[in-house]
Amino acid sequence: MALLKVKFDQKKRVKLAQGLWLMNWFSVLAGIIIFGLGLFLKIELRKRSDVMNNSESHFVPNSLIGVGVLSCVFNSLAGKICYDALDPAKYAKWKPWLKPYLAVCVLFNVTLFLVALCCFLLRGSLESTLAHGLKNGMKFYRDTDTPGRCFMKKTIDMLQIEFKCCGNNGFRDWFEIQWISNRYLDFSSKEVKDRVKSNVDGRYLVDGVPFSCCNPNSPRPCIQYQLTNNSAHYSYDHQTEELNLWLRGCRAALLSYYSNLMNTIGAVTLLVWLFEATVTVGLRYLHTALEGVANPEDPECESEGWLLEKSVPETWKAFLESVKKLGQGNQVEAEGEDAGQAPAAG
């Protein structure tokens, strides 16, 4: 028994075809929007690729760009099919291709849904790549004379200023690395020598941070150096001077920014998926309603449209049987080819 059977007369078929034609062109516009969102996300990720450890995070924007292009192609074609649907001469050329086309549309809808889910699930991968990327970027902060790393200082500084953050997890991360280049250190100074000798790796470590960590909301001039030495500054207590530096780490700041961005893109993609699924269901009804016209020469006659020709369990069973037969056919063909090869003469 057909699932969700609906009766159609000529007027209803015309309205369905016209409505689907309009919806398909809205879907083309939605595809352009998804393409644009994927491109925007890719640009935003590339802006900060220097502080990201790998390129896995580009899977989502690349997928969005791909499904955006496919949406434009499929829906443009579907619009043409709906436009030609009520002209028997024009519909005849589409008739053999409609079933395969609907199968491709279902596959596309599944892909679109999975891409939408990926937008929500990328947080874990992004958190890991930011943690390692920021840590490496901070190590190269001082290498302003090294080819390939000379812009890292500017990248980190602009990042900390733009996102109002400091370090990877917090400003104390800067205490664990040498972020001042050796060319700006006076090695004849006893203080510099003592600091370098006191470190196992021979690094110049200070309890200070770059200027870009300074919070302009602080009522006093920014304190960058000797942050943990209360006696080095007048009326200063490093445990209460919360406004002096940005307290949030850049990993948390970037993760929050990208998570909000991808959650928004994911929500938009889900809405587009719902719209695309509705269009696909409408195409199925149009296809079956036109197939069910008993007398093509009498366009006024009634016909029935349905979503599935059989019930869901029967349809699933038939699908599994067809897959099984296909597998058996391939196996028999392979065995026939092996049997057809004669052994080489000795």
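**View A. S235 sits in the loop between α7 and α8.** The model is predicted; local features need pLDDT of at least 70 and side-chain atom pairs count only at pLDDT 80 or more, while totals for chains, interfaces and linings use all residues. Residues are numbered from 1 along each chain as its sequence is written, and side-chain values use heavy atoms, without hydrogens and water. S235 is not a glycine, yet its phi is positive, at about 50°. With a relative accessible area of 56%, S235 is exposed (exposed is over 50%, buried under 20%, partly exposed in between; 1.4 Å probe, protein chains only). Q226 is also in the loop between α7, residues 190–198, and α8. The phi of Q226 is positive too, near 50°, in a residue other than glycine. Q226 is partly exposed, at a relative accessible area of 33%.

**View B. Helix α6 crosses helix α8 at roughly 65°.** Helix α6 covers residues 152–163 and helix α8 residues 250–291 (helices, H or I of at least four residues, and strands, E of at least two, are DSSP runs numbered from the N terminus). Their axes come within 10 Å (lines fitted to C-alpha atoms, for helices over the stretch in contact, with angles from 0 to 180 degrees between N-to-C directions). The two helices are therefore roughly perpendicular to each other (65 to 115 degrees; under 35 is roughly parallel, over 145 roughly antiparallel, the rest oblique). The crossing of α6 and α8 is left-handed (near helix turned anticlockwise from the far one by less than a right angle; clockwise is right-handed). On the α6 side, L159, Q160 and F163 take part, and they meet C250, A253, L254 and Y257 of α8.

**View C. Helix α5 crosses helix α8 at roughly 150°.** Helix α5 spans residues 123–139, and its axis comes within 10 Å of that of α8. That angle makes α5 roughly antiparallel to α8. The crossing of α5 and α8 is right-handed. R123, L126, E127, L130, A131 and L134 are the α5 residues that meet α8. Their partners in α8 are C250, R251, L254, L255, Y258, S259 and M262.

**View D. T288 belongs to helix α8.** T288 counts as buried, at 3% relative accessibility. The C-alpha atoms of T288 and K5 are separated by 9.9 Å, although these residues lie 283 residues apart along the chain.

**View E. Two stretches carry the UniProt feature "transmembrane region".** The unreviewed entry places them at residues 20–41 and 101–122. Residues 20–41 are 100% helix and 0% strand, with the end C-alpha atoms 31 Å apart. Residues 101–122 are 95% helix and 0% strand, and the end C-alpha atoms are 31 Å apart.

**View F. The protein chain, for orientation, has nine helices and two strands.** Along the sequence, the elements follow the pattern β-α-α-α-α-α-α-α-α-β-α. The chain has 346 residues, of which 38% count as buried. Of the contacts (heavy atoms within 4.5 Å) between residues at least 6 apart in sequence, 73% join residues at least 24 apart. The accessible surface is about 20200 Å², and 61% of that belongs to carbon and sulfur atoms (Shrake-Rupley method with a 1.4 Å probe).

Technical notes. UniProt positions are given in the numbering used here, feature names are shortened, and annotations may be inferred rather than shown by experiment.
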